[in-house]
Amino acid sequence: MHIRLAMIVGVMFLKIELKINGKFRTAEVSASERLIDVLRQKFGLVSVKEGCGAGECGACTVIMDGEAVCSCVVPAFQADGHDILTVEGLEENGELDVIQQSFIDCDAVQCGFCTPGMIMSAKALLMKNPCPSREEIRTALAGNICRCTGYVQIIDAVETTAARIGVCRR
Amino acid sequence: MDKRSYKYIGRNVTRFDAVDKVRGRFPYLADEPFPNALFGAVLFSPHANAVVKKIDVSEASRIEGVEILTYLDAPNARYNGSEWFPGQDDYPDETVLTGHARHVGDRIALVMADTEEKARKARDLVRVEYEILPAVTLPETAADMAGMLHEDGVKSFDGSICYGDLEKAFSSAAYIESDTVTTPKIHHAAMETHSVLAIPRGDVLEVRTPCQITFGVQYSIAQVLDMPLSKIRVIKANMGGTFGGKQEVVFEVLCAWAANRLKRPVFINTTREETILSTRTRAAVKGKVETALDADGTILGRSFELIVDAGAYLTGTKKVMMAMGKKASRLYRIPALSYKGSVVRTSTTPAGACRGYGSPQIHTITEIHTDLMCRRLGFDPVQFRLKNLLGEFEEDPSGGANIGKARVIECLSRGAAAFGWEENKAPKVSGGRFFTATGFACCTHGNGYYKTKYHDFSNMSLRLLEDGSAILRASIHELGSGATTALAQIVGEVTGIDVSKITVTEADTQFTSYDSGCQASRVIYVCGECARLVSEAAVKMLTQEASKLLDRPVRFYEGGLVCEGKKLDLGAAVREIMEKRRVSIEVNFEHRPESNPASFGVHFAEVTVDKLTGLVKVNRYLAIHDIGQAINESFVRGQIYGGIQMGIGMALSEELPFDSMGIPRVRNFDKYHLVNAPDMPDPEIILIEDNEPGGPFGAKSIGEISTVPVSAAIVNAVNRALGSSLTDLPLTPAKVVEAARNMGE
């Protein structure tokens, strides 16, 4: 268990420490604040989109300790001591992650609103399973709704990413 | 021109905004808070039909910095948010705020504060006492209850289309067959919820909105604020999906009015529940269709009687209803037709534009009917359709535009072969409970407004810059489909300019010219052709000016300037013309189409129905489309896949039901079942590209039509699997189990 006690500032606020995109950050959060609010409002990570506020659409998906989670249903204080990755954290030295490039190359992007969350769900899958089958990709993306693409080119992009990473033997 | 020599047309150019979007750096309105803007939280009615008796804002207004505007402050001006040009004659029954709530989610007040949290908290402190009136939830009884919901007492908004001798058709018929089909009220489910920002700037009011018709937004605001159109600047904001849900004006007028009144920027954003309950929906339709046939199965005549649910306000629903009728004579050869539609208002979320604008509803009704009729009469459903489908350049007997280079017969015959229709048409059973069968449906849709009651034109300018790049100044609304990139491909094809050096603007009513809006499947056919023609005009101007400059004939050949066999650099030519002839290369062009052909599509689906659970799985899918020419094939495929996702939902799982009190049973995606990745098939796509006259490089529409035949194809497959006659959409597990229980009876 890796839980640290949050320091209470006054009555209403909790101080949390967490790692966001590789950097240690702190924030004062209220009990009702959600992880998505902290990421968007306190850290300006607006790739994290709110589509439903109920954990049903996946637009707000971030990776928390290696697992894809809906940041709209994670209370901010529960992120204390955890490691959060958003789309903003995927680029290295200004270069796109292979999954981002694959989304571009496969035309997996239309309106773009679901895209960051979709990429994070796919990334979480590939971190655990670098050679997923098409069915495994579908299952991993089951919690991410896209109204534009019918998912086909998104699934293509995840397959392409896996092929480009090159661990798979097909 | 040989298609294979195209540099950009049909090529999969990467969309301009793709990099920003995958980086999460493509800002939607809610991502960029505007300095000093008030956040506006709308106070929505919790009742379906209720009059406000008392509204008490005292507690809410005690919060520092809170501004509250209620229906008591609001102008009485009524408008219809579906109108996009003066004089369109859509009945105005909506106000920015109302003291008579006509659906759960109707707008009572706007509560504003410097933060969203504060605005929402204050909003929840406003006390409202309502006198609750009976809810009007059934379209069938809505006309009789009209006075309860609207003081104007208008019972219904009716319309009809008639041609030919229907009486003769029916009296001479060998068979008369009839079915009644109902299609559900549907949420568009754009992943971005509705939002709008209004900024007063001196005497100009600026409104930024992810919309489809900036000039329509401008017009709606002008009606309520009594301002000249020229003082209302509407800028298309980045769009997180629309599907017609952001086509009509919803919160724009309220936001503009509040900002103008307070002389402060106001930003309205909504939650998913608010977007579901308070914006627009696909109109639910109950349609009876009756067809008269001769003994060989040739259609002699067809009649329709439809009741269309507008929800609480008329919105564009009468337009939608008439558009449905206008599609009825553009797929099959129907010598005599009577179409009667009645639009009623109910105390439910308003309907309006939704991808296909009535086309999915009317074709769902007729294509399910066609299959059931064929089964009852023993006709083969493919042969029946092949006999009755329209051929190329036939006239539309209802008075619509010529059908154009129709390739629907090819779509059906090629599709039937590719999908193995003959081999697969008999249902298969496995494990005693899994029934597998195939279904299909045909459809048509339009390409703009030519020969309808609405005008259709597009005005663009193209400037060739002094470095050989280009800007197309166009009133485009990028909805996510890639329209701006596709237009750049067209400009690049004509001018030879590298597509990466071409910028296509989106609509800004202050700087871009008039365009009828990104609606009616007109963007590629009309705006795309405008982009082609303005490019040709710019090239012509360039060659003329270059000829004058060099005093020698300059021609445009194979994508470049040529003078006496020598290639000239385009940028250098523009520079020298500007420098020496004091002329810039910019042309303005207005395209007024004189054709509006039909696009066609046929979809095939193989489904497996689980008799025990009532779940339907779509195993295989084929979409075959007559699109003239793909400008960007990958974009076209993307549109089709997305259209299929939406249509499967309409067939099987998506609906917005209300109880007898008018209380919505669905408020979020937990109970609104969109097709997700595991339930989506991997469709096969075949494009028939046979060059439609009047479109850029022969292209015509795909975005709307791709969702039109889906629901009927799925329902027809389920009905074949079970031998059932299901016509009440969506086919939820309960309905399927019930139908399966009756099998063989």
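B:F26 is buried, its relative accessible area being 12%, in a model that is predicted. B:K21 lies over the face of this residue's ring, 4.6 Å from the ring centre of B:F26.

Over all chains, a search of the whole structure returns 18 aromatic pairs. Among them, B:Y6 and B:F697 form an edge-to-face pair, with 5.4 Å from centre to centre and 80° between the planes. Because B:Y6 belongs to the segment before α1 (18-22) and B:F697 to the loop between β29 (684-688) and α19 of chain B, the pair ties together parts that are 691 residues apart in sequence. The rings of B:F26 and B:Y28 have their centres 5.4 Å apart and their planes at 75°, so this pair too is edge-to-face.

| Residue | Relative accessibility |
|---|---|
| B:Y6 | 7% |
| B:F697 | 16% |
| B:F26 | 12% |
| B:Y28 | 2% |

Ring pairs also link B:F85, B:F215, B:F457 and B:Y514 into a cluster.

Turning to helix α20 of chain B, which spans residues 733-741, the residues B:V736, B:V737, B:A739 and B:A740 are buried. They cover an arc of only 165° around the axis, which means that they lie on the same side of α20(B). In general, an α-helix has 3.6 residues a turn, so residues three or four places apart point the same way. The exposed residues B:A734 and B:R741 are carried by the face of α20(B) that is turned away from its buried side. On the buried side, the residues of α20(B) pack against β27 (599-610), β28 (616-626) and α19 (710-722) of chain B.

For chain B as a whole, the secondary structure comes to 20 helices and 29 strands. Its radius of gyration is 27 Å, close to the 27 Å that the globule rule gives for 745 residues, so chain B is as compact as a globular protein of that length. Taken along the principal axes, the box filled by the C-alpha atoms of chain B is roughly 85 × 70 × 50 Å. Of the 745 residues of chain B, 65% count as buried, and the chain exposes about 25800 Å², of which carbon and sulfur atoms supply 50%. Among contacts in chain B with a separation of 6 or more, 81% are accounted for by residues 24 or more positions apart.

Terms used:
Residues are numbered from 1 along each chain as its sequence is written. Chains are lettered from A and ligands numbered from 1 in the order in which they are written. This is a predicted model: local features need pLDDT of at least 70, side-chain atom pairs count only at pLDDT 80 or more; totals for chains, interfaces and linings use all residues. Side-chain values use heavy atoms; hydrogens and water are left out. Buried means under 20% relative accessible area, exposed over 50%, partly exposed in between (1.4 Å probe, protein chains only). Helices (H or I, at least four residues) and strands (E, at least two) are DSSP runs, numbered from the N terminus. The arc is that of the directions from the helix axis to the C-beta atoms. Contact means heavy atoms within 4.5 Å. Rings of Phe, Tyr and Trp (its six-membered ring) pair if their centres lie within 6.5 Å; planes under 30 degrees apart count as stacked, over 60 as edge-to-face and the rest as tilted. A charge sits over a ring if NZ of Lys or CZ of Arg is within 6 Å of the ring centre and within 35 degrees of the ring normal. The radius of gyration is taken over C-alpha atoms; the globule rule is 2.2 Å times the number of residues to the power 0.38. Accessible areas come from the Shrake-Rupley method with a 1.4 Å probe; for residues, only the protein chains shown count as cover.
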